Structure formats: structure tokens, C-alpha cells
Amino acid sequence: MKKSVLTAALTLVLAAALLAGITALVYASVPDYPDTLGADPGVTEKITGETLVAAAAAEPDSLVIFGSSELKTTDICTHPANFFAGKRCGFQVDLVGRGSCQSLVHALSIAGSGEALRGKKIVLITAPQSYVEGGIAPDLFMANFSGQQALHMLADDTIPDEIRQYLSARVQQLMVEYAQESGADPEAYTAAGLLTQAAAEDSRIKEALLAPYAAVSRWLLDTKDAFTSSAIMHSFSDVAAVPEEIDWDAELSNALSQAQQMVTNNEYFMQDDYYSTYVGRKLAQFEGKDAAVSYADSPEYDDLRCLLQLCRVKELDVLFVHVPMNGSWSDFTGFTAEKRAVYYENVREIVSEFDNVQLLDLTQMEYEPYFLCDTMHLGWKGWLEVDRAMVQFYHEG
């Protein structure tokens, strides 16, 4: 009997050592974070993994920007991917996000980051369209959900229980809603699905029983993420740093020159391609269509508060960008100035609760030509204001 127990124990030790060795080899293959990868917002593993964000945060001259669909507008000259190329202001931006990356998605990313981001400076960009009545749609959430991040969030003892429980309950709610809508339930019985259910129910017994399953799942997901991320990093390159003094007046002149070339077919200062594709001949159909829409109440507000609470727990210094809506277009569609003001103020009030968050409030620019490039995304002037704020934010003590 004793021999059997000893053999079993030895087997477990050897298996653990083998797994640890495999992990060490995979992580040893991860190179330094390349500059051009930071400027690419289209890499899914930045959103759903941990290795790439951790590697970017470890760089001494990197500023991580968590955003949403506005990060895709890289054809605009003042977009951070273009403006900060060559570390011209002394740092490289790392863009994390895509359409539907709302507060809950970023909260799980930061919660699952362990110590990688602690004490760092980051930028958060809110998207007006996120604050719809139902909050983030289940299918959009699941498209960006990371079981790896959820498991690390639940294993992090520095995160208060009420935050763990809130995030777990939101994950469970959206998993259930997604299953009801799609007829599929791919995540419910994964370690992340079962552990978030136990945490949402505040069942420590279930969490304890599931702990071995969670540990193995974390190892598998971490190893896969590191292996995939290493290959991604090897496919990008560094660039020579070319620091320079910024002539902001010249940058504005260049931005306006490009904007005037890209906006010629509408009075709402939308890019021609966007207007032709999404509005154009359908213009009359948009008049008054948003008269019944309201951003007054939304789960997104609670998700935002949770996100900022996590930033405080992780001791992050945050620049929060509050983006305006297109005033002229919103007036036309019936989303009135009064309704917009409610949304603007709701966000301001939440941000004001956190002394580690600096608010860059751009909402007074909703009628400014070329500030946005469509109905809600930052444009030529808008990005330039954000660029200027990021330079000051990064270099301040």
C-alpha cells in the first residue's frame, strides 16, 4: 500500500516537473516585444490572451491603449499607430481592442493580467455606442471572451471578492443569454464556465472542488497562449527610434489637409467611403430613427465602474478618453442633445469616483468639423487631441 502511494506521488511529481519544463521552454522562446506589433490593432491574441499584453507592459517605453472599434481607423494620419511610429515622442503605443471590446472585456483582461500591468500607465477609450439599454450583446461578448483571463482573475487573491463575484455573474449571465439565442453552449462546462458559475454563487466549496481542473486548464491555456504569441512576435519587427520635437500646428495643418481630401460628399464630416457605404442613398431612412433610443440606463455603466475599480486595485494610472457623438448626425437621427448630455454626465460621474483616473473629456467637440470621421469614431482632429494628451500623460511624473 505504502509503495503504491509512493509510486503515485512520484508519478505526480514527475508529471508536474515535465509540465513545468514544457512551460519554461515555451516561455523561453518568447522574444522581446516588437514595435510594429504594438501598432497593429488587429491581433486577436492581444484581446483574448495574456502573453502579448504582458510583454508590451514589460517594455520600458510602451503605453498600452485599451479601446474598441475606433482603433481600426488607421487610415487617418493622426491615429496613434501612425502618429507615434518610430517612437517619435519617446514611447511606443500598444493597441488592444476591436469592435465590441467594451468595459467588461477590458475588465477581464486587466483582472487576468496578474502583476504584469501593476503600477503602469494605460489609456482607456470609451465608445458611445456601448451604452445601449441592454449593454454588451451576448454574441459580441463571447467573440472576445477569454477563459484564460477568467481563470486567472479567479485565482488572483489581490482582487476583492465583490469584484470577482460581479465579473463572474456577468460572465454567467451572458453565457446563458448566448446559449438561449444561439442554441449552443460551448463554454458552460469548461473550467472557466464552471468556475465563474461557482464564484457567481459564492460557493467556495465548488471552487475548491474545481481547483485541480482550473489549474490544469490554466496551464494548458497559458502554454498555448505563450506558444502562439511567440510565433506572432517573431513575425513582426522593431523599427529604428526617431525621436523628434512635435510641431502641433503643422500636425493640425496636415490633419486638416487629409480630412478635406477624405470628406467631400456629405455635410456630416464623415469619410466618403463610410458615408457611401452606410448612409448614401438611404439618408432619408435615418431621419428621426433614434428618437426612442436612450443611453440613460445600461449595464455598461456598472461594467465601467468595475473596470475602473480593477484599475485601482492594480494601481494603474489611467487616462480615460470620453469620446463625443457626432452632434449634427445625432440631431438628424433624433438622438437629441439632451439625451447625449445624460450619457456624457453618467460617464463623468463614474470617472470622478477614482482619483487614479485622469479624464480627457472631448464631449464638447461634438459639432467640431473633422473631430470624428463618421457617426462616433475619432477622426483627424479628435485623434490629434488624444495624441497630445497621451504625450503629456506619458511624460508627466
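Colleague: How many bridges join strand S4 to S5?
Modeller: Five bridges join S4 (residues 317-322) to S5, and these strands run parallel; a strand is a DSSP E run of at least two residues, numbered from the N terminus. This is a predicted model, in which local features need pLDDT of at least 70 and side-chain atom pairs count only at pLDDT 80 or more, while totals for chains, interfaces and linings use all residues. Residues are numbered from 1 along each chain as its sequence is written, and side-chain values use heavy atoms, leaving out hydrogens and water.

Colleague: And which residue is the bridge partner of histidine 322?
Modeller: Histidine 322 has aspartate 361, in S5, as its bridge partner.

Colleague: What order do the strands of the sheet follow?
Modeller: The open sheet has five strands, ordered S2-S1-S3-S4-S5, with parallel pairing (pairing requires at least two DSSP bridges between two strands). At its edges are S2 (92-96) and S5 (357-361), each of which pairs on one side only. On average, neighbouring strands are turned by 20 degrees against each other, direction ignored.

Colleague: Now the helices. At what angle do H10 and H11 pack?
Modeller: Helix H10 (residues 191-200) packs against helix H11 (residues 204-234) at about 155 degrees, and their axes lie 10 Å apart. Helices are DSSP H or I runs of at least four residues, and angles between N-to-C directions run from 0 to 180 degrees. H10 and H11 are therefore roughly antiparallel, the term for angles over 145 degrees.

Colleague: Which residues make the contact?
Modeller: From H10, they are Ala191, Leu194, Leu195, Ala198 and Ala199; from H11, Lys206, Glu207, Leu210, Tyr213, Ala214 and Ser217. Contact means heavy atoms within 4.5 Å.

Definitions and conventions: Angles under 35 degrees count as roughly parallel, over 145 as roughly antiparallel, 65 to 115 as roughly perpendicular and the rest as oblique.
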